[in-house]
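Reader: Could you walk me through this model in plain terms, starting with how the chain is divided up?

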Amino acid sequence: MYAPPKKWEWNKENGGKFSKINRPTSGSTFSEDLPIGKHKLQLYSQGTPNGVKITILLEELLELNIPEADYDAWLIEISKGDQFSSGFVQVNPNSKIPALVDYSYDKPIYVFESGSILLYLAEKFNHFLPENSKAKVECMNWLFWQMSSAPYLGGGFGHFYSYAPEKLEYPIDRFAMETKRQLDVLNKHLKNKDFICTDQYTISDIAIWSWYGQLTLGKLYSAADFLDVSSYKNVVRWAENINLRPAVKRGKIVNKVSGNPDYQLRERHSSDDFKKIKL
Ligand SMILES: N[C@@H](CCC(=O)N[C@@H](CS)C(=O)NCC(=O)O)C(=O)O
């Protein structure tokens, strides 16, 4: 049993998947500029659930034939600590993917936090977000629900079930219960509904699908049986429908470094890059 000391000190690696990069201070650890490609939109990311939110939205915008939404997606490999370069920290002082730079204006615009990036792009291009303020607030409710709920799923459940060096019953129990409660919230909300808010596909669907959709499709933490995800039937139906969208098929493989190597596009600089992969 661990007895916490009077004052916490960082004096040892705690093991587990991210122990080499975790530290209690912020800021860059090495000096390196970020690469810049040919498009106005430069994304620095990895194909995690937070990362694919942005590549799915950009691919959806390209499906609508908006050429200004074309982008370069550079891989920031978080297990190697790429998020601590001086260039990345300049864009996102919080050192987490995804981060976006928009070079469309006089000065570059830095955008971080996946919810902020989704909102920025949806408003910039006027798509995937209702204009009517009553409908918009409904979408914002669900977007912020996702942003505040997913850390319990990822940082809580995923961490202790999958990444922690020891399997401990207390945290796994606590976060499995919370994850199942969240799935129940979604399952009830999606009864007789095709989309999260209004009757349109919006950035709220993209944000929530990237976490809870992929979870119910068995793509996160190998936890489908443990969490009995198939019992959340409305979530599964909604997730399967979104999974069929061509933009989702493309967006979810960009900057991916895990899973089936045939479905990993480490960097994306043009739509031709997808030709290498049988989607
Ligand atoms: N709230 C942030 C969370 C971003 C986040 O946690 N990113 C993870 C990958 S999914 C990361 O970059 N981790 C690297 C680290 O913690 O050093 C967002 O939605 O953008």
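Reader: Which domains does the assignment give for the protein chain?
Author: The protein chain is assigned domain 1 (10-128 + 246-279) and domain 2 (133-243), where the bounds come from an automatic or database domain assignment. This is a predicted model, in which local features need pLDDT of at least 70 and side-chain atom pairs count only at pLDDT 80 or more, while totals for chains, interfaces and linings use all residues. Residues are numbered from 1 along each chain as its sequence is written.

Reader: What separates the centres of domain 1 and domain 2, and how many residues are in contact?
Author: The centres, taken over C-alpha atoms, are separated by 21 Å. In contact are 15 residues of domain 1 and 16 residues of domain 2, a contact being two residues whose C-beta atoms, placed from the backbone, lie within 7 Å. On the side of domain 1 that touches domain 2, α1 and α3 each supply at least two residues, and the largest share, 5 residues, comes from α1. That side divides into 10 nonpolar, 3 polar and 2 charged residues, with Ala, Val, Leu, Ile, Met, Phe, Trp, Tyr, Cys and Pro counted as nonpolar, Asp, Glu, Lys and Arg as charged, and the others, Gly among them, as polar.

Reader: Staying with α3, how many residues has it, and what does it reach from end to end?
Author: Helix α3 covers residues 114-125, which is 12 residues, and it reaches 17 Å from its first C-alpha to its last, close to the 16 Å expected at 1.5 Å a residue. The expected span is 1.5 Å times one less than the number of residues, and the elements themselves are DSSP runs numbered from the N terminus, helices being H or I of at least four residues and strands E of at least two.

Reader: And which residues of α3 are buried?
Author: Ser-114, Ile-117, Leu-118, Leu-121 and Ala-122 are buried in α3; a residue is buried if 20 or more other C-beta atoms lie within 10 Å of its own, exposed if 12 or fewer, and partly exposed in between, with C-beta atoms placed from the backbone. Seen down the axis of α3, its buried residues fall within an arc of 125 degrees, so they line one face of the helix, the arc being that of the directions from the helix axis to the C-beta atoms. Ser-116 and Glu-123, on the other side of α3, are exposed.

Reader: What do those buried residues of α3 pack against?
Author: They pack against α1 (49-63), β3 (99-102), β4 (109-112), α4 (133-163) and α6 (203-216).

Reader: Then α1: is that helix mostly covered or mostly open?
Author: Helix α1 is mostly covered, with 13 of its 15 residues buried. Its end C-alpha atoms are 21 Å apart, which agrees with the 21 Å that 15 residues should span at 1.5 Å a residue.

Reader: Changing topic, which residues surround the ligand?
Author: The ligand is surrounded by Ile-21, Thr-48, Asn-50, Ile-78, Gln-83, Ser-95, Lys-96, Ile-97, Pro-98, Glu-113 and Ser-114, where being near means that the C-beta atom, placed from the backbone, lies within 6 Å of the molecule. This shell divides into 4 nonpolar, 5 polar and 2 charged residues. Ser-114 is also one of the buried residues of α3.

Reader: What about the peptide bond from Ile-97 to Pro-98?
Author: That peptide bond is cis, with omega near 0 degrees, and Pro-98 has its place in the loop between α2 (86-91) and β3. Most residues other than glycine have a negative phi, and most peptide bonds are trans.

Reader: Which residues have a positive phi, then?
Author: Asn-65, in the loop between α1 and β2 (71-75), has a positive phi of about 60 degrees although it is not a glycine, and Asn-65 counts as exposed because it has 7 C-beta neighbours inside 10 Å. Thr-198, in the loop between α5 (169-189) and α6, has a positive phi of about 50 degrees and is likewise not a glycine. With 17 other C-beta atoms within 10 Å, Thr-198 is partly exposed.
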